[in-house]
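Here are a few notes to read alongside the model. Have the sequence and the 3D view open as you go.

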Amino acid sequence: MNVLGIIPARGDSKGVKNKNIRLVDGKPLITYAINTAKESKLLTDFIVTSDDEAILNIAKSNKSSYYKRDLKNAQDDSPIELVIFEVLQFLKDIQYDLIVLLQPTAPIRTGKDIDNVISMFLKDETLKNVVSVVELEDIHPARMYEVDDVFNLKPLNSDKEKEQRQKLSPVYLRNGCIYAITTKAFLEEKTLILSNKKAYLMPHSTWVNIDTERDLMVAETLVKLWKAKKI
């Protein structure tokens with residue numbers, strides 16, 4: 001099976017300026033995705049796609065393949081699917097069976113995680129889509145509300161609002177670490193997340209997805225603990 005890893009990294013970011021090259025425990029954020037891709041034994045190839053020269057230079061210095069993204073696919077509202085289509089077109093001479101998306105903003109994952117996901121496809125030829133998730137522990141829809149204009153609380157799930165946490169069924173959240181889809185399904189459905197998909201469960205303790213300055217500070221702490229094998 002030929003497997004392509006794609007690391008998408010725009011230069012601009014509203015929430016965190018220069019997010020993908022900000023330092024996390026002394027290293028640019030983008031390097032965590034690159035190093036994880038290098039650790040994988042089952043990725044055939046991987047490539048960084050960016051519109052930003054600084055990011056592309058980091059990719060180059062870390063011995064990663066890279067592709068300069070078209071600016072029209074590097075906007076705040078640019079769908080990730082168009083980015084993937086652009087990369088596939090750039091690499092049209094190579095036929096890949098599986099696409100694995102590795103977002104730099106979710107840095108805590110390993111090459112083994114990537115290989116575990118790929119192995120799910122190797123074991124099940126009918127599988128088309130896998131998404132990495134974490135279990136939400138105290139954060140649960142039963143504890144969530146909508147607030148109207150006069151601050152009335154409306155529970156998202158009124159049937160479960162008063163249930164004890166121990167009795168609630170587990171719920172899971174996409175953690176942004178790994179999205180995998182067969183190339184055939186992606187080209188047919190033109191979406192990264194299919195209605196029929198399977199979960200790859202990852203530890204809640206390592207969950208971080210960087211969209212704000214606060215997330216960046218949390219990531220700094222969690223990455224240090226992760227490296228020290230304390231989480």
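This is a predicted model: local features need pLDDT of at least 70, side-chain atom pairs count only at pLDDT 80 or more; totals for chains, interfaces and linings use all residues.

1. Start with helix H5, which gives the second largest pocket the largest share of its lining, three residues.

2. Residues are numbered from 1 along each chain as its sequence is written, and side-chain values use heavy atoms, with hydrogens and water left out.

3. Back to the second largest pocket: its volume is about 230 Å³. A pocket is an open set of points on a 1 Å grid over the protein atoms alone, where a 1.4 Å probe fits, with protein on both sides within 12 Å along at least five of seven lines; lining residues have an atom within 4 Å of a point. There are 13 of them here, with Asp97, Glu125, Leu127, Lys128 and Thr182 nearest the centre. By class, the lining splits into five nonpolar, two polar and six charged residues.

4. How much space lies in the largest pocket? About 630 Å³. Its lining counts 29 residues, and Pro8, Arg10, Ile80, Gln103 and Thr105 sit nearest its centre. Helix H3 (80–90) and strand E10 (171–182) each supply at least two of the lining residues. The classes come out as 10 nonpolar, 11 polar and eight charged.

5. Next, look at strands E4 (residues 45–50) and E5 (residues 65–68), which pair in the parallel sense over four bridges; pairing takes at least two DSSP bridges. Ser50 has Lys68 in E5 as its bridge partner.

6. Last, find Ser132 in strand E7 (residues 129–136). Is Ser132 buried or exposed? Ser132 counts as buried because its relative accessibility is 1%, and the cut-off for buried is under 20% with a 1.4 Å probe, protein chains only. Its side chain makes a polar contact of 2.5 Å with that of Asn175 (a pair of N or O atoms within 3.5 Å, one able to donate a hydrogen and the other to accept it). A polar atom of the Ser132 side chain also lies 3.5 Å from the backbone nitrogen of Cys177.

Methods. Grid points are joined across faces, edges and corners, and a volume is the space filled by probe spheres set on the points. Ala, Val, Leu, Ile, Met, Phe, Trp, Tyr, Cys and Pro count as nonpolar, Asp, Glu, Lys and Arg as charged, and the others, Gly among them, as polar. Buried means under 20% relative accessible area, exposed over 50%, partly exposed in between (1.4 Å probe, protein chains only).
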